[in-house]
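This report is meant for a reader meeting the structure for the first time.

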Amino acid sequence: MGSMISGSVSLCVDQFAMLDIELVKAVSMFRSQRWRFLRNTLQTLFRRWSVKPAHDALQAVRGQRVLVLGIYLGDRFNLAAHLYERFMQSSALMVDQRWAAFSRKDAHPGLAAATTLLLSSPLNKFAVLNLLLEGVDLAQYDLLIVSDDDVFVPDGFLDTYVSVQHALNLDLAQPARAIHSFYDHRFTLRRPWLSGRLTRFVEIGPIFSMTPAAFERLVPFDIGSPMGWGLDLVWPKLMEDGRLGIVDRVSVDHSYRGQSMTYARETTVARTKDYLAGTPHVPFAQALVVLRQYFLF
């Protein structure tokens, strides 16, 4: 009987592995202008999506304190006000938000109360995050979430995401990207049959989160890399005995603003190579691995 169960589980995992391969093949179409209408359709459907955490999982995080740090470009299209509102929707968590704005104008009207830093010229993303953390007692918080300004999250995102991160005991995590999102690594696209994955890789954006176990090792943030590129290869080295992962139960839509529109990509790539050459890190081939999958069923 035991061998029959083992065999059926193995078959199930193999089938999902094949599905994973087909998913990776399919997403390439979204990078083609010819399929832009399909991306637009999926954006519309995603905006209607709402998620809800399991009751027991939500009870396990009820009362936790969460600090959200965000940076938005006040002179460009952004979704910062949407994010602020969605993060404040939580029915179980105590949420504080601190945002920085790169803007030649005043803070966004919908974010005035939470905009604690107004900058007239761009700085390294992680240098700005360090500025936002000045005077903050992180010991008061159970979770730190960092958000970019060009990502859409579904209704019920925060409670669902935090409850899954807690249930999987992840020290450093990110939500998966929706299948139609822009992406740098297909590895981070959502696997809808999973609750999450234990990995050795968590991206520096558009959203990531960390528990106190990661605060101690990663904060204040290293600002040696331009834009923070390469930190997602340094972090697993610093967190070798920690738990890193991707939450697939809920995803985010990162398809609203084109990639590499706010910085010189070639220059940033060259400086990132220099940074990694002098900084202990895990090579991509060793970082983009799944150590364990957590199925929804």
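In this predicted model, nine strands form an open sheet with mixed pairing, in the order S3-S2-S1-S4-S7-S5-S8-S6-S9. The edges are strand S3 (115-119) and strand S9 (290-295), each of which pairs on one side only. Averaged over the sheet and with direction ignored, neighbouring strands are turned by 20° against each other. Strands of a sheet pair through backbone hydrogen bonds, and the pairing may be parallel or antiparallel. Strand S1 (residues 65-73) runs parallel to S4, and five bridges link the two. Within this pairing, Val68 has Ile145 of S4 as its bridge partner.

Helix H5 (residues 125-132) packs on the sheet, where it touches S1, strand S2 (94-102), S3, S4 and strand S7 (207-210). The direction of H5 makes about 135° with that of S1.

The search of the whole structure finds eight salt bridges. Three of them are listed here.

| Salt bridge | N to O distance |
|---|---|
| Asp149 and Arg257 | 2.7 Å |
| Asp150 and Arg257 | 3.8 Å |
| Arg197 and Asp248 | 2.8 Å |

Where do the partners Asp149 and Arg257 lie? Asp149 belongs to the loop between strand S4 (143-147) and helix H6 (157-167), and Arg257 to the loop between strand S8 (244-252) and helix H9 (265-277); the pair therefore ties together parts that are 108 residues apart in sequence. Both Asp149 and Arg257 are buried. Asp150 is likewise found in the loop between S4 and H6, so its bridge to Arg257, in the loop between S8 and H9, ties together parts that are 107 residues apart in sequence.

Are the side chains Asp150 and Arg257 buried or exposed? The cut-off for a buried residue is a relative accessible area under 20%. Asp150 has a relative accessible area of 8% and is therefore buried. Arg257 is buried as well, because its relative accessible area is 12%.

Arg197 is buried, with a relative accessible area of 2%, and Asp248 is buried, with a value of 0%. Through shared partners, salt bridges join Asp149, Asp150 and Arg257 into one network.

Among the buried residues of H6 are Phe157, Leu158, Tyr161 and Val162, together with Asp159 and Gln165. Just after H6, Asn169 takes a positive phi of about 55°.

Which residues of H2 are buried? They are Arg39, Gln43 and Phe46. Seen down the axis of H2, the buried residues fall within an arc of 65°, so they line one face of the helix. S8 is included in what covers the buried residues of H2.

Note on methods. Residues numbered from 1 in each chain as written. Predicted model: local features only at pLDDT ≥ 70, side-chain atom pairs only at ≥ 80, totals over all residues. Heavy atoms only, no water. Salt bridge = Lys/Arg side-chain N within 4 Å of Asp/Glu carboxyl O. Helix = DSSP H or I, 4+ residues; strand = E, 2+ residues; numbered from the N terminus. Buried < 20%, exposed > 50% of the residue type's maximum accessible area, 1.4 Å probe, protein only. Pairing = 2+ DSSP bridges. Axes fitted to C-alpha atoms, helices over the stretch in contact; angles between N-to-C directions. Contact = heavy atoms within 4.5 Å. Arc of directions from axis to C-beta.
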